[in-house]
Amino acid sequence: NGESHWCYDIQANSNPGSCQRPDQWGGECQKSHQSPIDIVTHKARLDHNLKPFSFSGYDKKEKRTVKNNGHTVMVSLEPDARISGGGLAAQYRATQLHLHWSESLNKGSEHSLNGQRLAMEMHIVHEKDTAKEEAPNPKDKIAVLAFLVKEGNEFNEGFRLLVEALDHISKPEMNFTMEASSIMDLLPKENKLRHYFRYQGSLTTPTCDETVVWTVFKEHIQLRRDQILAFSQKLYYDQEKKLHMTDNVRPLQPLGDRLVSTS
Ligand SMILES: Nc1nc(-c2ccc(Cl)c(S(N)(=O)=O)c2)cs1
Ligand SMILES: [Zn+2]
């Protein structure tokens, strides 16, 4: 068959040759400013321009559609949620959020901190509100806010609706509309979001465009173990429900000549 679709190692290993595993991904995936990376926290450079973020529309309760797109669970976000500040050159509109995870609670995040990977990672993807005269594909066309997720003892009420929705989207292409919820429900308290890491990188999925300004927050989201495991248990990569959706995590990429900054 022609160019097969991209997939993660766990999928390629279960059906060799059926899809393109990460080291075969095309597009810009084999270039040198890729994501995710390991963040060595003591090497991050303090940057006083990295001010706190301004979140607008993050607290708005909306009914949102969640979808199993065969790679992750993706929540569509209306263009009314926006961010500015945070050392960003412009205002950005939220477009979608999704997650990466593993049933092994120490290898489900895409970024690692000092070599440690956590249980999950949530990405809130934003597109720059560019005026027309801008370059076509600027390096900061996309801003992703990344939150690492670790196991906590408390049930996370903010994630209840999303976790309950998973039962309804077990197979690829299935959609479900959640009861009204806000993006803020999913995040740590806003006053804990002043500390973050910043670097220039890429999408962590093909075509891995090197157009993402990354923000990785120091404060982690905490979910109870059963909430974390629900993602791997309820979701499947395939229509036949033979392969649980888990380990949808791209391998770490070399930092190369890049520096990581910190607020
Ligand atoms: N079809 C799919 N698209 C994505 C996606 C899209 C945009 C972005 Cl920015 C990302 S990521 N992981 O770099 O945040 C992932 C996942 S699965
Ligand atoms: Zn992602």
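Mentor: Start with a cut-off, since we will need it: a residue is buried if its relative accessible area is under 20%, and exposed if that area is over 50%. Keep in mind that this is a predicted model.

Try the cut-off on two lysines. Lys 128 lies in strand β9. Its relative accessibility is 11%, so Lys 128 counts as buried. What does its side chain touch? The side chain of Lys 128 makes a polar contact with the side chain of Asp 140, at 3.0 Å. Now take Lys 189. Lys 189 sits in the loop between β11 and β12. Its relative accessible area is 61%, so Lys 189 is exposed.

Now the metal. Which residues hold the zinc ion, ligand 2? The protein donors are His 98, His 100 and His 123. His 98 and His 100 each use their NE2 atom, while His 123 uses ND1. These donors lie 2.0 Å from the zinc ion. Along the sequence, the donor residues follow the spacing H-x1-H-x22-H. Why is the arrangement called tetrahedral? The four donor atoms around the zinc ion subtend angles of 102 to 114 degrees, and that makes it tetrahedral. For four tetrahedral donors, the ideal angle at a metal is 109.5 degrees.

Next, the strand behind the site. Strand β7 covers residues 92-101. Is β7 mostly covered or mostly open? Mostly covered: eight of its 10 residues are buried. His 98 is buried, and His 100 is buried too. In a regular strand, side chains alternate between the two faces of the sheet.

β7 has several partners. Take β9 (residues 120-128): nine bridges join it to β7, and the two strands run antiparallel. One bridge matters for our site. His 98 has His 123 as its bridge partner in β9. Both of these histidines are zinc donors.

Then there is β5, residues 73-76. β5 pairs with β7 in the antiparallel sense, over three bridges. There, Ser 76 stands opposite Gln 96 of β7.

β6, residues 82-85, also pairs with β7 in the antiparallel sense, here over two bridges. Arg 82 stands opposite Arg 93 of β7. β6 and β7 form a hairpin, with six residues between them. Look at Gly 86 in the turn: its phi is positive, about 60 degrees.

Which residues come nearest to it? Of the 14 residues around ligand 1, these are His 98, His 100, His 123, Leu 203 and Thr 204. Three of those names are the zinc donors again: His 98, His 100 and His 123.

Look at its nitrogen atoms. A polar side-chain atom of Asn 69 lies 3.5 Å from a nitrogen atom of ligand 1. For His 100, a polar side-chain atom is 3.3 Å from a nitrogen atom of this ligand. For Thr 204, a side-chain N or O atom is 2.7 Å from a ligand nitrogen. On its own, ligand 1 has 420 Å² of accessible area, and the protein covers 85% of that.

Where does the shell around ligand 1 come from? The elements giving two or more residues to it are β7 and β9. The largest share, three residues, comes from β7.

How values were computed: Residues numbered from 1 in each chain as written. Chains lettered and ligands numbered in written order. Predicted model: local features only at pLDDT ≥ 70, side-chain atom pairs only at ≥ 80, totals over all residues. Heavy atoms only, no water. Donors = N, O, S within 2.8 Å, 3.2 Å for Na, K, Ca; no water. Tetrahedral: all angles 85-135°; square planar, octahedral: opposite > 155°, others 65-115°. Buried < 20%, exposed > 50% of the residue type's maximum accessible area, 1.4 Å probe, protein only. Helix = DSSP H or I, 4+ residues; strand = E, 2+ residues; numbered from the N terminus. Pairing = 2+ DSSP bridges. Near = heavy atom within 4 Å. Polar contact = N/O pair within 3.5 Å; in protein donor to acceptor, adjacent residues only side chain to side chain. Areas by Shrake-Rupley, 256 points an atom, 1.4 Å probe, with all protein chains shown as cover.
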